[in-house]
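Thanks for coming. I will take a few minutes on charged side chains and how they pair. Please have the sequence and the structure open.

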Amino acid sequence: MRVLAIGDVCGSVGCHALSRLLPPFKKANSIDLVIVNGENSADGNGITKASCEALFAYGADVITGGNHSMRREQSLSLLDESPFVLRPDNLPVDNGHGYCLMDLGYLSVAVINLSGQIYLDSLSASSPFAAADRLVERAKQEGARCILLDFHAEATSEKRALGLSLDGRISAFFGTHTHVLTHDAQVLPGGTGYITDLGMTGPIQSVLGVESRIIIERLRDRKTNERFVLADGPCMLNGCVFEIDKQTGRCISAKAVCLKDECGLGGRNASKQEVVYEHS
């Protein structure tokens, strides 16, 4: 079984890149399940009904979230209504959930979405370790042989610690939020696929998908009045492919993926280059 986990999709630009890059890659690599982090899929952060529908239309099976999942009021009903649109389960909010169970016929797959605590204190997230223990046990009781976890967190140390604590108990662990693809895709000793951060889907020449100039001026001059504007130009899709044994639920290999669309938003003929770093 092959699972593709995709890093934070950045606004309409990222959605457009996903529409061009995901379908052919999914087909060519026989991907069975696609998990996309969509907490930034709407322009200006957050997720809307329109961006959610776009992600599903382009090939997502489950959409995970993060600290921007509840940014827009319309997203609250979306989180309540769709079983496959998640937000971190350990956040102190009433809307939505951070767990789903998918029946693929030959296999039941559980997807868990959690938030970190380090540098994200404003979210008041409860312990991700306790939440992971609870939800992994629930998944096993419900018959899931494959358990996947998106950990939306800032600190690499927190991601690494939670990933190692779950080694041998889940099939794959992948971090999101920092928008930078890390070069550490691997299979941990206990058989859990791991990557610290999936990166992002959006403009290559940007800071977190935003025009670099805006972020540079904000950090250098402490300007806070200019709104974020998504960058244009060539885009990339970052993620990781986990190959998982259907019988044991153990990960066989983990491959970090970077797909490039040279045309960017509005381009007609994409020039695509695939760069894959493989660890197994």
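Start with R20 and D261, whose side chains form a salt bridge with an N to O distance of 2.5 Å. This is a predicted model, so that distance is a computed one. R20 sits in helix 1, residues 11-28, and D261 in strand 13, residues 251-261. The two are 241 residues apart, so the pair links distant parts of the chain. Is R20 buried or exposed? R20 has 15% relative accessibility, and because the cut-off for buried is under 20%, it counts as buried. D261 is at 1% and counts as buried too.

Next, K159 and D197. Their closest N and O atoms are 2.6 Å apart, and the two residues form a salt bridge. K159 belongs to helix 5, residues 156-165, while D197 is in the loop between strand 10 (193-195) and strand 11 (200-203). The pair therefore ties together parts that are 38 residues apart in sequence. As for burial, K159 has a relative accessible area of 0% and is buried; D197, at 0% relative accessibility, is likewise buried.

Now R138 and E142. Here the salt bridge has an N to O distance of 3.1 Å. How accessible is R138? Its relative accessibility is 39%, which makes R138 partly exposed. E142 is also partly exposed, with a relative accessible area of 36%.

Then there is a network: salt bridges link E211, R213 and E217.

For the total, the structure holds eight salt bridges. Among them are the R20 and D261 pair and the K159 and D197 pair. That is the end of my part.

Notes
Residues numbered from 1 in each chain as written. Predicted model: local features only at pLDDT ≥ 70, side-chain atom pairs only at ≥ 80, totals over all residues. Heavy atoms only, no water. Salt bridge = Lys/Arg side-chain N within 4 Å of Asp/Glu carboxyl O. Helix = DSSP H or I, 4+ residues; strand = E, 2+ residues; numbered from the N terminus. Buried < 20%, exposed > 50% of the residue type's maximum accessible area, 1.4 Å probe, protein only.
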